[in-house]
Amino acid sequence: MRDTGLDQALQTFFMESRELLIAMEESLLALESAPDDTEAISAIFRAAHTIKGSGGMFGLDGIVAFTHVVENVLDRVRNGEVPVNGELIALLLCCRDHIGTLVEQLAADPDAKPDMETEANGVMLLNQLKAHSSTGQPPVAAVAPAPAKTQIVTQPPLDDGTVASDNWHISLRFARDVLRNGMDPLAFIRYLGNMGKIVHIAVLPDALPFAPDMDAESCYLGFEIDFHCDGIDKAAIEMVFEFVREDCSLRILPPHSRIEEYVELINDLPEDKIRLGELLINCGSLTKKELDEALRLQALRVESGQEAAPAETDAVSQLGDILVEQGMVQPELVDAALGKQKVAKENKVQESKLIRIQADKLDQLINLVGEIVITGAAVSLLAQRSSDSALQEATSTLSRLVEEIRDGALQLRMVQIGETFNRFNRVVRDVSKELNKDITLVIGGAETELDKSVVEKIGDPLMHLVRNSMDHGIEQTELRLQRGKPAKGTVHLNAYHESGSIVVEVGDDGGGLNRARIFAKALEKGLVTANQTLSDQEVYGLIFEAGFSTAEAVTNLSGRGVGMDVVRRNIEALRGTVEIDSREGVGTTVKIRLPLTLAIIDGFLMGVGSASYVVPLDMVMECVELSEAERYATRDSHYINLRGTVLPFIRLRDHFREQGKASRYEKIVVVQYGGQQAGLVVDELMGEFQAVIKPMGKFFSNLKGVSGSTILASGEVALVLEVSELIQRAVSLESHSISKV
Amino acid sequence: MNAIVRAEQFAEVANSEEGQDQYLTFLLGGEMFAIPILNIKEIIEYGYLTTVPMMPAFIRGVINLRGGVVPVVDLAVRFARKSGDVTKRTCIVIIEIKSGGEKQDVGVVVDSVSEVLEIPDSEIEPTPSFGAKIRAEFIHGMGKINGNFVIILAVNHVLSIDEMIVVNQASGTELEQLELA
């Protein structure tokens, strides 16, 4: 069983992995257009590497094993040993997806084994990767791990000064806090064990205090490890410990190091020297003879005292060379180190910019702020009654601040749509390959903000629409050229705010919808009758009907007639609408209009009887009084003459069956929606109001004409009207009553 | 705000061993009803209710419960009885309902709340097939208290959101027909 602390860390790992995978995908796509973008290559490598590293910490062997191979290939790409080409990128994208699948499967159930399909896919990818990791070598070698010689840049010659052992020697001293920082030293050693063979391990309990002084949460142990492994370099071993880099002191000696190195190691370490020496012998790193030699050397150096000093400085100056020469430090290691510093810096900057918060915490905060606003209003009311001017002033300052807090809190839930849009780069790339069409994606309005819950739910409908545009919308290249269009097709995604709602557009410059064909198909399916006259809009709307598809052949992507139906349902679930604008031969644009749930809108408050209603302020054109004469004239009809134009109106009092007598001076609020104007007759105009829209919940999901609710300063609830639905309802009511006659 | 009893206080009682056996009794049209206490979040004074147009009569409207909008059901109308007059003792009992994995708070209007009582399972009689003048599926059982019967409500049926949505739809068309007439 995992304890909860680790479980949380695991969740963080999954979340981070998803982000890293997204970053990896973006970089891969960037790489496709600019194959020698070293930044992108490094970014991909870093992502894979971090996933592997963190995965290892949690013992997620499946991910580690697979990612390790990917990382090897990426490493070769980074070193320029493997050329970047479309084929490789496609393979790496598949690998990315595979890692994603593994991560998701583990996220669903941390103890689950990958299913057969995934496993098979993984093996297939690994085989393909192997081909890349062994370019330039005979295929036989690809099966066996590459011999050590190819990896270790220089192998020091065996001379008198070197140690006979061909094992790596690793000295590990963990910091006291390592356990508190959530790291398990054992996990790293276990992980190391996966890379090669731990020949011998000696535990150093020297730092362990007496029992009464011991803190159970501190780590006092050190380890001396003799490690045997072919085909890895120092960097690889260091990377094992990368995640505890700051919490441990790590010294690695490559095989056949000079005895001096061991001497230095012994000197560096805090433990008793003779004991250490014995330990090293125990480990098998040194032979007895070698140790004696080492100790002699050491003694010699101490004796020679000052004379030795210049020699030592000399040694220091040469250290770099020697290190490289001995395979201690490899040239690429220096690059990696520099790169790592940079990454660390970038990460720091990002960390300071972003904090991860759970959504429900945020909702709770917003609810509390809402309560403060209401309580604040009550306090100001009391203060006004008290006629204490100082108190009044203080409360007014308070309420202003509270409002600022409210705005800020609500803003926290808003996210930019850009992230969702960017995901489509990959989709467009893959699909255009599959369809053998040349298509680019143009993104606009990426900074448009909308509620996080909406952003999450809009992904699927957008996916359908984009695929549809690419499959049905954009023509084959030859046809495009024939029609005088550029060979490259364009799909655009755009988002903007419009009259209190958010519009997301998916467009293409393809063939457009064929009105006649849609109509014919609808006729065939019995959706329309032959003598029906429909507007273009209505005809295009037919493609959202269930089971409707005009594609001649059902392709892998679309044509089954499920997509558009689902799109409309999903969007209606968000209380949004879909419109299609299309011109034959020029292109099609699908407009998704979404309400701003949980957003703040500038509303216009109006009273009908005892109730208050809000409409978005930007829909309100003007307010006019309904004069006595007009009132008399409109007893039966529902329109007035507004400066020469006909203005139909809805009397909300009647429409809502409000009890009580109407005000003597009724007013008309002129609202505009979708290019039309209409009037709403109300009793009272109560002015502008900044409304926090709250969804009405499942209970009222069938209620048309009300899009949400908001809480007034008095604590009462006011309903937010959805003008277009209200008018549609009025239209259908009227047409029914007319047809009945 | 105007909470008479907050759920926390109930929770204390509820957690003491057998919360399942405890019921809140209340009066509605002179008749005594009971609801399992575990479903109840809090009880608030009646007031500040906003009517929602185009809804069936048993939905009185919505209230603002600490920043959340909570629908309020008139239980009397739901039981096809006459809605009681609002008095000083009229209360809204906030009940938490689970519907398809989601939790939803719903308020019910009652004439007055009485007390929290323990009714062991042995004291609960099966629902009579008729006679209570309430739809049988609304009744969980008849609890015996001092020789008198109280109707223990099956909250999930009485306040079934799915059913009420259907009723909404039906009443919506009904309303339209009314308007047409």
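Begin by selecting chain B of this predicted model, where the secondary structure comes to four helices and twelve strands. If you colour its 181 residues by burial, 36% of them are buried. Turning to contacts within chain B, and counting those between residues at least 6 apart in sequence, you will find that 53% join residues at least 24 apart.

Next, move to chain A and select residues 418-435, which form helix α16, together with residues 452-473, which form helix α17; the two pack with their axes 10 Å apart and at an angle of about 30 degrees. Because angles under 35 degrees count as roughly parallel, α16(A) and α17(A) are described as roughly parallel to each other. The crossing in which α16(A) passes α17(A) is right-handed. To see the contact itself, show side chains on both helices: α16(A) contributes residues including Phe424(A), Val427(A) and Val431(A), while α17(A) contributes, among them, Ile458(A), Met463(A) and Val466(A). Taken together, the residues of this contact divide into ten nonpolar, three polar and two charged.

For the last stop, stay in chain A and display the open sheet of five strands, whose order is β14-β17-β18-β16-β15 and whose pairing is mixed. Select 620-625 for β14(A) and 639-642 for β15(A): these strands stand at the edges, each with a single partner strand, so one side of each is left without a neighbour in the sheet. From one strand to the next, the twist averages 35 degrees.

Definitions and conventions. Residues are numbered from 1 along each chain as its sequence is written. Chains are lettered from A and ligands numbered from 1 in the order in which they are written. This is a predicted model: local features need pLDDT of at least 70, side-chain atom pairs count only at pLDDT 80 or more; totals for chains, interfaces and linings use all residues. Two strands pair if DSSP finds at least two bridges between them. Axes are lines fitted to C-alpha atoms, for helices over the stretch in contact, and angles run from 0 to 180 degrees between N-to-C directions. A residue is buried if 20 or more other C-beta atoms lie within 10 Å of its own, exposed if 12 or fewer, and partly exposed in between; C-beta atoms are placed from the backbone. Two residues are in contact if their C-beta atoms, placed from the backbone, lie within 7 Å. Angles under 35 degrees count as roughly parallel, over 145 as roughly antiparallel, 65 to 115 as roughly perpendicular and the rest as oblique. A crossing is left-handed if the near helix is turned anticlockwise from the far one by less than a right angle, and right-handed if clockwise. Ala, Val, Leu, Ile, Met, Phe, Trp, Tyr, Cys and Pro count as nonpolar, Asp, Glu, Lys and Arg as charged, and the others, Gly among them, as polar.
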